[in-house]
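Hi everyone, thanks for coming.

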Amino acid sequence: MTTSVGCTIDKPGSTRVNKTGSWRTFKPILNKDKCVECDNCYIFCPEGSINQEYGIDYDFCKGCGICSNECPVNAIEMEIDN
Amino acid sequence: MDFPKEEFLAPGHRGCAGCGAALVVRLALKQSGKNTVVIAATGCLEVMTTPYPETAWEVPFIHVAFENAGAVASGVERALKAQGKEDVNVIAFGGDGGSVDIGLQSISGAMERGHNLTYICYDNEAYMNTGIQRSGATPWGASTTTSPSGSVSYGEDKPKKNMPMIMAAHGIPYIATASISYPEDFMQKVKKATETKGPAYIHINQPCTTGWGFEPAKTIEIGRLGVETGFWPLYEIENGEFRVTYRPTERKPVVEYLKSQKRFKHLGEDEVEKIQEYVDNQCEELGI
Amino acid sequence: MTKKVMTATAAISNAVRLAKPDVIPVYPITPMTKVAEYIADYVANGELDTEYIRVESEHSAMSAAIGASSTGVRTYTATSSQGLMYMHEVLFAAAGMRAPIVMGDANRSISSPLCIMNDQQDSITQRDAGWMQFYAKDGQEALDLTLTSFKVAENENVLLPAMVCIDGFIITHTNEIVDVPEQEDVDRFLPPYVPKYSYLDPEKPVTVGSMTDSKYYMDARYGVEVAMNKSVKVIEDAFKEFKDIFGREHDLIETYKCEDADIIFIGLGSVCSTVKVLVDEMREKGEKVGMLRVVSYRPFPSEKINEAVKNASKLAVIEKDISFGMGGALYQDLKTTVEGKEIIDFVIGLGGRDITPSTIYEVLERTKNPSKIINWIGIEEDD
């Protein structure tokens, strides 16, 4: 038997084993010199992949581009991710 | 706004790039915090967050079926009460299909009985998990896979069901509409909802990149256009008091919202005009 | 113990009161409504401290029960017929999620045509849901089986929901003498529910009701199969303890004069009481007959049945359900589990049609001289 009773999952946040960064085609690159710390990129990221210090977690960033699109000063460029 | 730091929806979930539903949950849980139990209806959200043996949830989570989130939440809330844990926030999430269509009876029962819970409908205006079929929340003119536009069809031929007002008719203490593009407004409403003694209902507009047909980067922009055109009004009804929580300084023409999405691309001038008229009437009625 | 005259619904309600469930979501339906009303009275008079949820449908009753049970508390509900059918989807969820809910079901026919009288089609139709199913012959047994069901369902080796079925009207509305156990004895038999596995609690977050794929789904279903098989021993142990505390004896089957019987009538529920009386009468006339009542339909007590019928040559299955064109469910189950016997099926009493001594005599005659395997008794059959 490989399943728990009732298929209950007792490891909260365990989707972290699934590095969705591999889905990415475009990669957000933040130019900190331009950043005005408005928090848009942090609060609008559906993955929670940008922290409050504006560090981007590329393990999970799917490259949707919301952060770049919502940046009022164009501080985040989307580049082809090789 | 100082956003609470903690996250309770882990990354690695299977939501599409640019998924608005994931953002609804992320923001709601940031606000409600650790002391929360989540109930979800079957749908994108549940499927993308609980692929056994993994889960994205960092608060307790239960899913039973499509149409019964209101009832499951009722049972959870009373069981917590029986255990003396009345301070726990009970939050149920359902999509528009699971809420305004198949789940309506169970939500109505939960609201009418006065359970101390918050129901959040993340409305992407069609059955997205099964591949973009129309629901009772699909707006007039939208093309879906079961209300397609064609040579003799302009798409969905019925206006959207007004779920927040159906909830208001239940006389519950707190009802609000929200948009993921206005996170402070939404989180403030989640705060009020969870602090309310008794049932609360939040209906949040959630643009869907796959179902609506737009670039993933545009999720927030399109949500904002919905509000700025008056297509999606932001209001709350607190103990019977109606209040608009955001008024666009100058309403944009609705065509700007419509042309941004594939589901409305087929509409001609006549249809656009009809939708503009509908939006104008709605805004006048609500005082926007 | 206090002996009182009461209906079976009152007896069941007493069992619920004594078991002290924390949450009871319930929706009224004839002929089980009285259970909802008695429990409401207990709550209104402070005799039972429970969260009583007056849900808006049976589907929501079962859904709320699953929510409550998954939050780690003892949970009960009761229904009948259309209500049980309306729950169908979530009955499977309850079993798959391993929620030890106990539910009373007043057996009633299924629409269409609409009919509120007794047969067992409602619960038999739920036999594959993963619930344990017990069929009581009277109010006393329904009380005893309700208490036992909590103990078995909540056992960490089982963790399956349990349904206690009684014949609608025939038993639900019949007055009889019932021994109502004392609270302290029940507390000894049935201590408070302490869930072994994690439940919904912010202190220790778990995800319940997850999404599986073909890599895991079948294992989870097999888990239900294993639990169902393990429940046999747990039920037997619970019955032993029940006898020690309350003095009454129960088993997964009841047999009457089967040892030397050539023909054995087999059935579920109250009809067996009628048959039992007729066995004596038939024996006086020289017929070597016996009666076997299946008390536990799921788990199905195959070994016990095989042992009990080993000396007989024919089994006459008397049942109040039908899988059209294929006979009843009990008949099919016996065909699967019993070898070397002639098994003949008799569909009787659907929609409360009277089962009289002559009905059972007709069953006897047709068993002695069978012309077909599946027989509808009490109607003019179209041959």
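Let's begin with Y54(A), which counts as buried at 11% relative accessibility; buried here means under 20% relative accessible area, exposed over 50%, and partly exposed in between, with a 1.4 Å probe and protein chains only. Before I go on, this is a predicted model, where local features need pLDDT of at least 70, side-chain atom pairs count only at pLDDT 80 or more, and totals for chains, interfaces and linings use all residues. Residues are numbered from 1 along each chain as its sequence is written, chains are lettered from A and ligands numbered from 1 in the order in which they are written, and side-chain values use heavy atoms, leaving out hydrogens and water.

Back to Y54(A): this residue is not a glycine, yet its phi is positive, near 65°. You'll find Y54(A) in the loop between α1 (40-44) and α2 (66-70) of chain A. Helices are DSSP runs of H or I with at least four residues, strands are runs of E with at least two, and both are numbered from the N terminus.

Now over to chain C. R98(C), also no glycine, has a positive phi of about 60°. Is R98(C) buried or exposed? R98(C) is buried, at 11% relative accessible area, and sits in the loop between α4 (81-96) and β5.

Next, the cis peptide bonds. One runs from S112(C) to P113(C), with omega near 0°, and P113(C) belongs to the loop between β5 (102-107) and α5 (121-124). In chain B, Y52(B) and P53(B) are joined by a cis peptide bond with omega about 5°. P53(B) is in the loop between α2 (44-49) and β2 (61-63) of that chain.
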